[in-house]
Amino acid sequence: MNLRCIYCQTPFTLGRMEKLAAIQRLQAEDMHHYDVFCPRCRRANTVSIERLQIFTPGWKEGLKTLESEAAQVEKSRAAVASVAAAVKSAAPSKAAPAKKRHASKAAKATAAKPQKAASAKKKPAAAKAKPTAKAKPAGKAKAKKK
Ligand SMILES: [Zn+2]
């Protein structure tokens with residue numbers, strides 16, 4: 001919605017989200033006017049809740065979405081947190097080949113991908129080491145997919 005500062009005549013707009021937030025707040029606090037601060041002179045321009053509602057078509061639905069969106073943000077935040085926790089708990093077993101790390105300096109240098117360094121190092125050395133090296137990355141891949 002387009003507004004014009006009553007003090008300095010600067011035109012500015014009030015976004016839908018801001019209008020919805022304003023309506024929500026006014027209703028929550030049982031107030032009837034919203035102070036919009038002019039971007040130029042920073043003085044408060046009063047807008048009545050009726051005007052906010054008139055200039056925000058579908059504001060009732062908008063408030064509902066606002067609330068459900070807020071809930072969704074919380075949800076996804078929690079999901080991200082749990083995923084991060086899962087990754088964290090999976091990480092130690094992933095990077096577990098501590099003996100591999102100790103085994104060679106090369107593996108240490110490429111600690112980010114220990115299995116690659118290990119297999120590269122073990123390949124020429126002995127065919128015996130291959131199966132064990134293979135078994136571990138498999139478990140790794142599993143954890144990654146998850
Ligand atoms: Zn102004």
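**Close-up views of a predicted model**

View 1. Asp30 lies in the loop between H1 and E3, in a model that is predicted. Just after H1, the backbone at Asp30 takes a positive phi of about 55 degrees, and this is a positive value in a residue other than glycine. Asp30 counts as exposed because it has 6 C-beta neighbours inside 10 Å, where the cut-off for an exposed residue is 12 or fewer.

**View 2. Arg42 in the loop between E3 and E4.** Arg42 has its place in the loop between E3 and strand E4 (44-48). Although Arg42 is not a glycine, its phi is positive, at about 65 degrees. Because 10 other C-beta atoms lie within 10 Å, Arg42 is exposed.

View 3. Helix H1 comprises residues 16-28, which makes 13 residues, and from its first C-alpha to its last it reaches 18 Å, close to the 18 Å expected at 1.5 Å a residue. Its buried residues are Lys19, Leu20, Ala22 and Ile23. These residues are on the same side of H1 because they cover an arc of only 160 degrees around the axis. The face of H1 turned away from this buried side carries the exposed residues Met17, Arg25 and Ala28.

**View 4. The largest nonpolar core.** Seven residues make up the largest nonpolar core, namely Leu20, Ala22, Ile23, Tyr34, Val36, Leu52 and Trp59. The elements that give two or more residues to this core are H1 and strand E3 (33-37), and H1 gives the most, with three residues.

**View 5. The surroundings of Tyr34.** Tyr34, one of the residues of the largest nonpolar core, touches Ala22, Leu26, Val47, Ile49 and Leu52, when residues up to four places away in sequence are not counted.

**View 6. The chain as a whole, for orientation.** The chain holds seven helices and four strands, and read along the sequence these follow the pattern β-β-α-β-β-α-α-α-α-α-α. Of its 146 residues, 10% count as buried. Among the contacts in the chain with a separation of 6 or more, 42% are accounted for by residues 24 or more positions apart.

Definitions and conventions:
Residues numbered from 1 in each chain as written. Predicted model: local features only at pLDDT ≥ 70, side-chain atom pairs only at ≥ 80, totals over all residues. Expected span 1.5 Å × (residues − 1). Buried ≥ 20, exposed ≤ 12 C-beta atoms within 10 Å, placed from the backbone. Arc of directions from axis to C-beta. Contact = placed C-beta atoms within 7 Å. Core = buried A, V, L, I, M, F, W, Y, C linked by C-beta atoms within 7 Å.
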